[in-house]
Each structure stands twice: as C-alpha cells, then as structure tokens.
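Dear colleague,

Please find below the structure for your review.

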Amino acid sequence: HKVEPMVLESFLNGAMGITYYCYRDFDTPLDFYYHAKALAELAPYEDLLADGKPVTVQTDNPTLATSAYRNANSMLILVGNYSRTPKTRIKITLPIAAPVRVTDVLTDKPLKPSRTLELDVAPEAFTLIFCKGAGD
C-alpha cells in the first residue's frame, strides 16, 4: 500500500517517470496494483502534469508532507501523514485566486471551493486534491 503514495509523490515533485531497481520484496500482485492505482488516479490530469510544474503551498502544519503541481489555474495537492503525527488537521492556502472546483481525487467527492482548504489526514494516510480556478 505504500507504493501508491510513493508514485504520487514522485510525479507531484516533478518526476517524468518511475525507475525500478531489483529488490526482493516487490513481487506481490499488490505492489503492482497500487502502482497502477496511482497512475490511474493521475491519468485524468496528464495535461496538467505535462504542462505544469511543482510548486509550494502555504500550510499551518509542517508535520504533514505536502506536494503540489500547478498549471495556470489548476493544481493537484498531495498531503501525507507519513510520520504518523497525531496533529492531523491542516489548512492550506491555495495560490489560486478564485477556486471554483475542489475535488478529493481518491474518493471523487467535491469539497467546498475556498482559498483556504482544510483537511484531516489520519496517521499513515494521504489524500490527493484537485483544485480548479476560474478561467480554466
């Protein structure tokens, strides 16, 4: 299950692909399942990833890992609680002036469009958010 956020982190931090090295414990069907799952989650946003770039976002909780990728008024934000911190709440100030659509990509559920995005990310969990601003 840890392969999924690893793949997402790679792409949202600017990687243009993934390289595998031979190691003993990457041999179960679940390893490949979570890799394919991450790529399927990113597939609808391939234009954003091809034309955008990694950016930083302002947050109020530095104990949670954040990675963001932006193109014009669209962006993906990945938030991970990889260090299992009990402080699970995070506020992210979006660099998009007028968000019109905010979606939790993993659940396909809409979130309230706002310049300040508030999330709760449980220990060892992660979430991937898509934000679209006016004009896109």
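E124 is partly exposed in this predicted model, with a relative accessible area of 45%; here buried means under 20% relative accessible area, exposed over 50%, and partly exposed in between, using a 1.4 Å probe and protein chains only. The residue forms a salt bridge with R84, and the closest N and O atoms of E124 and R84 are 3.4 Å apart. (A salt bridge is a side-chain nitrogen of Lys or Arg within 4 Å of a carboxyl oxygen of Asp or Glu.) R84 lies in the loop between strand 4 (74–80) and strand 5 (89–93), and E124 in the loop between strand 8 (116–120) and strand 9 (126–133), so the pair ties together parts that are 40 residues apart in sequence. R84 counts as exposed, at 52% relative accessibility.

As to the basis of these values, the model is predicted, so local features need pLDDT of at least 70 and side-chain atom pairs count only at pLDDT 80 or more, whereas totals for chains, interfaces and linings use all residues. Residues are numbered from 1 along each chain as its sequence is written, and side-chain values use heavy atoms, with hydrogens and water left out.

Salt bridges

The whole structure holds 4 salt bridges. One of them joins the side chains of E118 and R89 at 3.6 Å, N to O. E118 belongs to strand 8 and R89 to strand 5, so this pair ties together parts that are 29 residues apart in sequence. Both are partly exposed: E118 has 42% relative accessibility and R89 has 43%. Elsewhere, salt bridges that share partners join E4, K37 and E41 into one network.

Since K37 lies in helix 2 (residues 29–42) and E4 in helix 1 (residues 3–12), the contact ties together parts that are 33 residues apart in sequence. K37 is partly exposed at 28% relative accessible area, whereas E4 is buried at 4%. Helices (H or I, at least four residues) and strands (E, at least two) are DSSP runs, numbered from the N terminus.

An open sheet is formed by 3 strands in the order 2-5-8, with antiparallel pairing; two strands pair if DSSP finds at least two bridges between them. Its edge strands are strand 2 (58–59) and strand 8, each of which pairs on one side only. Strands 2 and 5 are joined over 2 bridges, and Q58 has T93 of strand 5 as its bridge partner.

The largest pocket

H1, K2, P5, M6, Y82, R84, E124 and F126 line the largest pocket. By class, the lining comprises 4 nonpolar, 1 polar and 3 charged residues. R84 and E124, the salt-bridge partners described at the outset, are both among the lining residues.

Aromatic pairs

The count of aromatic pairs is 2. Y33 and Y34 form an edge-to-face pair, 4.9 Å centre to centre with 80° between the planes. For such pairs, ring centres of Phe, Tyr and Trp (its six-membered ring) lie within 6.5 Å; planes under 30 degrees apart count as stacked, over 60 as edge-to-face and the rest as tilted. Y33 is partly exposed, at 43% relative accessibility.

Yours sincerely

Key
1 Å grid on protein atoms, 1.4 Å probe; cavity = no way out; pocket = protein on both sides within 12 Å on 5 of 7 lines; lining within 4 Å. Nonpolar A, V, L, I, M, F, W, Y, C, P; charged D, E, K, R; others polar.
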